[in-house]
Each structure stands twice: as C-alpha cells, then as structure tokens.
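Good morning, colleagues. Please look at the structure on the screen while I take you through its pockets, its helix packing and a few local details.

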Amino acid sequence: MADTLAFLRRRLTGDFEVDDFGFDEDFTVNAYLPFLRPLYRRWFRVEVRGIENLPAEGGGLVVSNHSGTLALDSLMTQVAVYDEHPAHRHLRMLGADFVFQTPFVAQMARKSGSTLAANVDAERLLRGGELVGVWPEGFKGIGKPFSERYKLQRFGRGGFVASAIRTGVPIIPCSIVGAEEIYPMLGNMKTFARLVGAPYAPITPTWPLLGPLGLIPLPSKWIIEFGVPVETADLGPGAADDPMLIFDLTDRTRETIQQTLYSLLMQRRSAFF
C-alpha cells in the first residue's frame with residue numbers, strides 16, 4: 001500500500017523521468033510489469049533458461065522468433081529479462097510502424113521502453129548500453145497459420161545484424177516455445193483486415209465465435225531460452241557494409257533459433273503442462 005501511494009504521489013507531482021525515447025522507468029517498474037506478471041507467472045508459467053547469457057551491463061541485441069497472433073511473446077520476454085536477470089535489466093523492444101499508429105497501444109509501448117524498429121534508433125540505444133530486443137519475422141511470424149507453427153519466416157535483410165556490428169555488441173539468440181498455442185490461427189479474414197488497415201484479421205477456435213471471451217489466450221506452458229551470445233566487437237564497424245557477412249550472420253542466427261525451437265519442442269511434455 002505504501003509503495004502504491006508513493007507511486008501515485010510521484011505521478012501527481014511529476015516526480016519521475018522520461019528519456020528521449022519516451023521510456024518511463026517509474027511507470028514500467030511500478031505499473032506496467034506488475035500488470036503483466038500474473039500472466040507471466042500464473043497463466044503461462046514461463047520457464048526461463050540461459051538468462052546468464054545476457055550481459056550484466058552494456059549493450060546487447062536479443063533476437064527472437066515471433067508468434068502467437070497477438071505479440072504477447074515480446075511482452076513476456078520483457079518481463080523475463082527484468083525479473084530473472086540479476087541486474088534487473090530493461091529490454092528496449094523494437095516495434096513495427098503499426099504498433100505506434102494504434103491508439104493507447106502506442107502510448108503504452110513508448111512508456112514501457114519500446115521504439116520504432118529503425119536502425120538509427122536501435123544503434124542509439126545499443127551505443128547507450130541498452131539491451132535491445134528485435135523480432136525480425138515481424139507480422140509474418142505472428143500472423144502465420146497454426147499449421148506452420150514453429151517454422152521461422154524470413155528474417156528480412158539483416159538490418160539488426162548491421163546495427164549490432166556497427167555498435168560492437170553481442171547478438172543473443174532467443175527461442176520461445178508456447179506462444180504458438182495461445183491463439184491458434186485457423187484462418188485470416190483478409191478483406192476485413194484491408195478495410196481496417198490491419199496486417200491480418202485472425203480466426204481462432206474462440207475468436208470471433210465467443211466475442212470478447214475469445215481474446216483470452218489459452219494457458220499454454222512457455223519456455224524462453226537465451227542462447228550463447230555471438231560476439232561482433234572483433235569484426236569492426238566496417239564489416240556492417242559487407243552484404244555477404246551480414247547475410248551469413250543473419251542466417252546463422254536464424255538457424256540457431258530454429259534448431260533450439262526443435263530441441264525445446266522435443267523436451268516438453270505437452271503444450272499446456
């Protein structure tokens with residue numbers, strides 16, 4: 001109660017700081033993360049592995065697979081990094097244009113540390129010693145049909161690799177199992193999606209059949225594994241202009257995540273236990 005009152009007092013008096021990207025640490029720690037934590041701990045029962053592979057300080061680029069129809073995987077990864085890492089680091093996530101064009105979602109994303117997925121912003125954060133998260137599959141990953149679950153889509157042109165090389169930070173592959181089952185996407189209402197300007201309009205076993213109840217995610221069991229970092233400091237900033245090197249490192253990162261997904265799927269007993 002005392003902590004809540006102190007938080008409300010700071011909000012009313014303006015006694016909190018917001019950085020150049022709109023990140024409000026006071027809001028994130030005392031309101032945003034506590035709101036997500038029951039979903040993380042009780043609903044998805046997230047198991048985190050390899051947290052020691054995240055640097056204790058300085059910049060780092062976390063690269064993850066993307067899935068689940070709604071991008072809850074990125075939010076759960078954000079909670080995992082803050083709660084499980086000894087240094088309680090914030091994961092500064094890179095989001096698509098659509099995120100920052102959506103009312104309310106845009107404000108929450110900015111306040112919680114997200115910014116536009118642009119090389120300029122990513123490199124500013126990395127040079128500033130931040131831990132940055134990127135989901136290179138984008139909407140192709142979260143909007144794929146359930147029949148293609150755990151099959152990685154293209155990773156784009158490797159812009160995230162170039163940013164890591166220019167700033168000399170390690171690339172940490174991240175593999176997430178469990179998110180594919182929260183909203184199994186059985187179909188896509190493409191015409192409706194075009195009308196509302198959305199990348200896709202999903203049909204799941206519960207949505208839109210059950211109305212608002214269909215928005216409740218299924219309680220799948222999650223595993224988030226952070227892999228061994230790939231160091232880039234010894235490559236030198238000039239390597240960021242070598243397209244073959246960029247392609248090779250992008251492909252290696254993607255393959256590492258894909259193989260880890262296969263391994264985790266073999267280890268889990270079921271999607272929900």
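How much space lies in the second largest pocket? The volume is about 170 Å³. Before I go further, this is a predicted model, in which local features need pLDDT of at least 70 and side-chain atom pairs count only at pLDDT 80 or more, while totals for chains, interfaces and linings use all residues. Residues are numbered from 1 along each chain as its sequence is written, and side-chain values use heavy atoms, with hydrogens and water left out.

A word on terms. On a 1 Å grid over the protein atoms alone, a pocket is an open set of points with protein on both sides within 12 Å along at least five of seven lines, a cavity is a set where a 1.4 Å probe fits but cannot get out, and lining residues have an atom within 4 Å of a point. Grid points are joined across faces, edges and corners, and a volume is the space filled by probe spheres set on the points.

The lining of the second largest pocket includes Arg154, Phe155, Arg157, Pro243, Ile246, Phe247, Asp251 and Arg254. By class, this lining has 4 nonpolar, 3 polar and 4 charged residues. Here Ala, Val, Leu, Ile, Met, Phe, Trp, Tyr, Cys and Pro count as nonpolar, Asp, Glu, Lys and Arg as charged, and the others, Gly among them, as polar.

The structure also holds 1 cavity of 30 Å³ or more. The largest cavity has a volume of about 40 Å³, and its lining comprises 6 nonpolar, 2 polar and 2 charged residues. Among the lining residues are Gly68, Thr69, Ile142 and Tyr183. Thr69 sits in the loop between strand E2 (60–64) and helix H3 (72–84), and its phi is near 70°, a positive value in a residue other than glycine. Helices (H or I, at least four residues) and strands (E, at least two) are DSSP runs, numbered from the N terminus.

I turn to helix packing. Helix H6 (residues 119–127) and helix H8 (residues 159–167) pack at about 35°, with axes 9 Å apart. Axes are lines fitted to C-alpha atoms, for helices over the stretch in contact, and angles run from 0 to 180 degrees between N-to-C directions. From H6, the contact residues include Ala122 and Leu126, and from H8, Ser163 and Ala164; contact means heavy atoms within 4.5 Å. This contact has 3 nonpolar, 4 polar and 3 charged residues.

Helix H1 (residues 2–13) and helix H2 (residues 25–43) pack at about 145°, with axes 11 Å apart. Phe7, Arg10 and Arg11 of H1 meet Asp26, Phe27, Asn30 and Ala31 of H2.

Finally, a search of the whole structure finds 5 aromatic pairs. Rings of Phe, Tyr and Trp (its six-membered ring) pair if their centres lie within 6.5 Å; planes under 30 degrees apart count as stacked, over 60 as edge-to-face and the rest as tilted. Phe139 and Tyr200 have ring centres 6.4 Å apart and planes at 70°, so this pair is edge-to-face.
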